[in-house]
Amino acid sequence: MEMKQLAEDVIAGNRRALARAITLVESGRDDHRAQAIELMELIGKSGRQALRIGLSGTPGVGKSTFIESFGMMLIKEGLKVAVLAVDPSSSRSGGSILGDKTRMELLSREKNAFIRPSPAKSELGGVARRTREAVGLCEAAGYDLILIETVGVGQSETVVSEMSDLFLLLLAPAGGDELQGVKRGIMEMADLILVNKADGDLKSAAQRTCADYAGALRLIRKRPQDPKDFPKAMTVSAIEDRGLREAWEEMNTLTDWRRVHGFFDKRRSEQAEYWFGQDIRHGLLSQLEKEPLKSMIAELAHQVAQGEITPGHAAADVLKALQQG
């Protein structure tokens, strides 16, 4: 595959080229990884920048419905929207359903929308290993806004904040003791808390839940990257399209303030540094899957299981071998 041509096709807005490029960066093969690095260098020269929005929430909260309604609203305003949806993978088979695209039937038909589901595999933090690079490819392809939907399994969904400009936490009304369940970890990352399903019989419960979270947010220490009244909680109804425009206005208000005060570019620089460190860690870990270390680890694991050597001693032997090259 010619990387220069692929990069040109992605920048030209070719959807098939974009899909091929994301498949390439998600590949675990060493030769594909070298090509992916070259591709990312080439597409970085486009200089394009999109608004990156991370979205998390527990399963069943209506993330896909919200994304479809929100995305359709933005497309009607003339924007191009990309959705990168991460699905959980089976710990037994390694497979994923990847059904997000089928749940966004209207959005998937739009020519100005691009939806790409990806498996989380063994990655923690709610996103796939190469989601960050997929975001860069979508930016180069000319999309104005990129929605990153996490797996949605709880408090560990914070890695998405390291690749997004805004982090939305979607919650359902009357979900029990959610203030205890969500904890401070993910709440401290959120820029907006959106209580979904604020319609029908759940409308009053949604308003109460929103008030509870608004009060909880006031107890969290003020962040330097936030203007007055942020972060904040709001109610939305994805099925009735209510509250979406107000939420979008708040997102723009926060983004504009951060751009003016230098926090937007500063955050992106910090994220680039974070992913540099992550790539080094992943590279070092991948060396353990190659010979001769792979066989050495298998033998030491057997000795540990038999009680012939302690786990700490075995680990020290592996690290020593790794240092010696």
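Is the crossing of α1 and α3 left-handed or right-handed? Keep in mind that this is a predicted model. The answer is that α1 and α3 make a right-handed crossing.

Now the geometry. Two packed helices are described by the angle between their axes and by the distance between those axes. Helix α1 covers residues 3-11, and helix α3 covers residues 30-43. Their axes come within 9 Å. They cross at roughly 45°.

Who touches whom? From α1, the contact residues are M3, K4, L6, A7 and I11. They meet Q35, E38, L39, L42 and I43 of α3. By type, this contact has 7 nonpolar residues, 1 polar and 2 charged.

Next stop, the second largest pocket. Its volume is about 490 Å³. How many residues line the second largest pocket? There are 22. Click on R52, R132, G136, E139 and A272: these lining residues are the closest to the pocket centre.

Helix α3 comes back here. It gives two or more residues to the lining, as do α7, residues 131-140, and α11, residues 263-287. Which element gives the most? That is α11, with 7 residues.

Definitions and conventions
Residues numbered from 1 in each chain as written. Predicted model: local features only at pLDDT ≥ 70, side-chain atom pairs only at ≥ 80, totals over all residues. Heavy atoms only, no water. Axes fitted to C-alpha atoms, helices over the stretch in contact; angles between N-to-C directions. Helix = DSSP H or I, 4+ residues; strand = E, 2+ residues; numbered from the N terminus. Left-handed = near helix turned anticlockwise from the far one by under 90°. Contact = heavy atoms within 4.5 Å. Nonpolar A, V, L, I, M, F, W, Y, C, P; charged D, E, K, R; others polar. 1 Å grid on protein atoms, 1.4 Å probe; cavity = no way out; pocket = protein on both sides within 12 Å on 5 of 7 lines; lining within 4 Å. Points joined across faces, edges and corners; volume = space filled by probe spheres on them.
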